[in-house]
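Me: Could you walk me through this structure? I am new to reading models like this one.

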Amino acid sequence: MTAIKHALQRDIFTPNDERLLSIVNVCKAGKKKRNCFLCATVTTERPVQVNVVKVKKSDKGDFYKRQTAWALRDLAVVDAKDAVKESPEFDLHFDKVYKWVASSTVEKNTFISCIWKLNQRYLRKKIDFINVSSQLLEESVPSGENQSVAGGDEEAVDEYQELNAREEQDIEIMMEGCEYAIANAEAFAEKLSRELQVLDGANIQSIMASEKQVNILMKLLDEALKEVDQIELKLSSYEEMLQSVKEQMDQISESNHLIHLSNTNNVKLLSEIEFLVNHMDLAKGHIKALQEGDLTSSRGIEACTNAADALLQCMNVALRPGHDMLHAVKQQQQRFSDLREQFARRLASHLNSVFVQQGHDQSSTLAQHSAELTLPNHHPFHRDLLRYAKLMEWLKNTDYGKYEGLTKNYMDYLSRLYEREIKDFFEVAKIKMTGTTREGKKFATLPRKESAVKQETESLHGSSGKLTGSTSSLNKLSVQSSGNRRSQSSSLLDMGNMSASDLDVADRTKFDKIFEQVLSELEPLCLAEQDFISKFFKLQQHQSTSGTTMNEVEEMDGVALSRSHTSGVAQTVSSEKDMIRQMMTKIFRCIEPELNNLIALGDKIDSFNSLYMLVKMSHHVWTAQNVDPASFLSTTLGNVLVTVKRNFDKCISNQMKQMDEVKISKKSKVGILPFVAEFEEFAALAESIFKNAERRGDLDKAYIKLIRAVFDSVEKVANESQKTPRDVVMMENFHHIFATLSRLKISCLEAEKKEAKQKYTDHLQSYVIYSLGQPLEKLNHFFEGVEARVAQGIREEEVSYQLAFNKQELRKVIKEYPGKEVKKGLDNLYKKVDKHLCEEENLLQVVWHSMQDEFIRQYKHFEGLIARCYPGSGITMEFTIQDILDYCSSIAQSH
């Protein structure tokens, strides 16, 4: 260890001007044993710095390198783990805890003892030595290696004292006077000795000569003491003379203090009186305005408002400590309280009268709007009441009970007024939708469907029966041929030359305009009332990030808007927004039921009206939410939108259900299925309605459900069809679906459009092959035998040597199919196809052309076999390809 210590001192610490005092060989606890050394060092320069240095052997050689250094002043705790039992483990707590295992307990104890000494000598810092034996923490440690380093070296350092500047200067002067001192040290030393002896003699003589001077100094001191005694006597006499003057000055000072205190009190009293007079004195004009002010004129309202503000300032003045104990202050406060109570009663009574009068005045104007689809305008009433807005704010801050009572009365009167107006308004809307008068009589141009709903306008809420009227496309069409379906639909009309589809479009457009007008009238009415309530009742109206449904608003009938607020305490923003919603809910409580009734009526008149209502309601909800997502209007329209969406979903479900329940006629051909035509009608109508609509996603989902249901139902009907072949049903209907989707270009149904085209193509090919079959049956059987022989291994040119397939047999078969017979067979085939296909889809020529191509393909196949198996025989068919083309063209033209 000594050799390592010397090597470390030489290689690492000497170049850094450090001395190594103690060393311990350690490794990290709990890790792979890679030994290193912890060294305790001090710097050779002052001030001395003490460090703990980690040194490890380099991986590239046998030399050591300095890895980490910690200042001893950063050491907080030294933990030896066990003070009794010997253990090589110990911890050093610097910025974190470092756990070490020493190679021996002796080295660990020596290192810890050195750390303790360095701390005591240089730092005097509070380092906690825990689990350390008390023998190690002593000033003196038995002589050893560590003591020689930590003790002897440090004492040697302390014995050395550096020369100061004056000593250096004297030595330089002495060296300049003795140039030979460098060469002859003994002569220089003798000279210094002689000069020292001379100085000692001079000092002794000087001491002996100074005795006389001391005696003279003592005499002078005695004389000075006598003078001091005389001065003290004079000062005593002066003090006696001034004693009487001091007493008089004390009396004068006390008198001045009392005068100053009196002046100060007077100034403070005047200040307090001025404060009370300035802040608690209400002008006579204000008092008169509060007691007798006119609350009907604008000038009187302004005077009352100013007087009420002045009264509120006087009542809310911050009194200083002790003011409330003054009798005059108490009287003035009582007077203010009486004025406030008197004016609050007068104001509340007047506003209640205004509310009642508004209800009567507005009722007189209802007759003017009874035949029009408009709502009365409340702007003049709001304008008149807003003059009292500041007084309402004053009442809210001073007498919350009366403010609360006015709020309840306003809701009671206005809710009844609005209920009458809104019910009459919706009654007019229902009449315009159904075309009936209030007495139940039809208009001159009553459509066919209106008689079915005339008697149901008052009891529609919650109804869920089958759709009535012929405008519901699924209910007005029976599952028959397209021609029969259209003739029966047209037989329901009472409108002269107007067709069913034209009447449906006109009725739906009329309904759409009426529904839009209803929403357009309700929206400004609610917004204007909400804005008025916010301004008149001084309630905060800020936008919120989340809406509140109507179910979250408590029913307020007969329940006061109780709040635990005292006079003058402002409500929080959230509670005031809740109060606005509650007031709007109470005032317009009839809007949501009336809207639901109107929606139910529209849905009963025509289920497709739910498409118009979904688009219109979505747009108005989106507009209302942009203004204020938490407003009453946004919440109510949102709730109604849920109902409209349910009706829309029910409309789609009903169509799918009726597709599933469809029954086909066993006696007539199927043609284009009714629900396929109805899907086309629905899609065309929906695309016109939902153009640029916010709820386009709902329609896309409905499209997917409907088209899948249409596909499944077509498959089902085709499988059940007895009169019409399955391939014809599939081919015609999927061709119609593909044409519809191609025309409407519905992006979400691109996959279904491709699927419809594929099904149409596959079933067209299947029908052509099945219907055409083998028009040259015997010839076809003959060549099947030829192909069988070739498949067995007989060469094609040797087939003619077979007895059953020689040239004579081939000529016999060919003679059985002259051109006349072929044309007759094709003509019968055309008639058969014509019976299967419907005229509406017009696929006869397409199918006939495909059959022509298939026949020509079979003809070419037969010619190829003749050329390969009977080469040079000169055998040909009785007719040519051109003959086939002429036959097909002639047959098509004749029919």
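Reply: A definition comes in handy at the start: the expected span of a helix is 1.5 Å times one less than its number of residues. With that in mind, helix 23 (residues 726-744) has 19 residues and reaches 27 Å from its first C-alpha to its last, which is close to the 27 Å expected. Please keep in mind throughout that this is a predicted model.

Me: Is helix 23 mostly buried or exposed, then, and how many of its residues are buried?

Reply: Buried residues number 14 of the 19 in helix 23, and so the helix is largely enclosed by the rest of the structure. Just after helix 23 comes Lys745, which takes a positive phi of about 55 degrees.

Me: Let's step back for a moment. How many helices and strands are there in the chain?

Reply: The secondary structure of the chain comes to 29 helices and 8 strands. The chain has 895 residues, and 42% of them are buried. If you take the contacts between residues at least 6 apart in sequence, 71% of these join residues that are at least 24 apart.

Me: And what about the surface, how much of it belongs to carbon and sulfur atoms?

Reply: Carbon and sulfur atoms account for 51% of the accessible surface of the chain, which comes to about 50,000 Å². On the surface there is also a nonpolar patch formed by Val214, Ile216, Leu217, Met218, Leu220 and Leu221, and together these residues have about 570 Å² of accessible area.

Me: Where is Leu220 found?

Reply: Leu220 is found in helix 5, which covers residues 185-279.

Me: Now the strands. Which way do strand 3 and strand 4 run?

Reply: Strand 3 (residues 50-57) and strand 4 (residues 64-71) run antiparallel, and 7 bridges join them.

Me: What comes between strand 2 and strand 3?

Reply: There is a loop between strand 2 (36-43) and strand 3, and Pro47 has its place in that loop. The peptide bond from Arg46 to Pro47 is cis, with omega near 0 degrees.

Me: Which strands does strand 6 pair with?

Reply: Strand 6 (residues 89-93) is joined by 3 bridges to strand 5 (residues 77-79), and these two run antiparallel. Strand 6 is also joined to strand 7 (residues 97-102) by 5 bridges, again in an antiparallel arrangement. For an example of each pairing, Val78 has Leu92 in strand 6 as its bridge partner, while Glu89 has Val101 in strand 7. The hairpin that joins strand 6 to strand 7 passes through 3 residues.

Me: What about the loop between strand 5 and strand 6, which residue has its place there?

Reply: Lys81 is in that loop between strand 5 and strand 6, and it has a positive phi of about 75 degrees although it is not a glycine.

Me: Last one: where does Asp17 lie, and what is its phi?

Reply: Asp17 lies in the loop between helix 1 (2-13) and strand 1 (18-28), and its phi is positive, about 55 degrees, although Asp17 is not a glycine. Asp17 counts as partly exposed because its relative accessibility is 38%.

Technical notes:
Residues are numbered from 1 along each chain as its sequence is written. This is a predicted model: local features need pLDDT of at least 70, side-chain atom pairs count only at pLDDT 80 or more; totals for chains, interfaces and linings use all residues. Side-chain values use heavy atoms; hydrogens and water are left out. Patches are made of residues with over 30% relative accessible area and no salt bridge: like charges are joined within 9 Å, nonpolar side chains (Val, Leu, Ile, Met, Phe, Trp, Tyr) within 5 Å. Accessible areas come from the Shrake-Rupley method with a 1.4 Å probe; for residues, only the protein chains shown count as cover. A salt bridge is a side-chain nitrogen of Lys or Arg within 4 Å of a carboxyl oxygen of Asp or Glu. Helices (H or I, at least four residues) and strands (E, at least two) are DSSP runs, numbered from the N terminus. Two strands pair if DSSP finds at least two bridges between them. Buried means under 20% relative accessible area, exposed over 50%, partly exposed in between (1.4 Å probe, protein chains only). Contact means heavy atoms within 4.5 Å.
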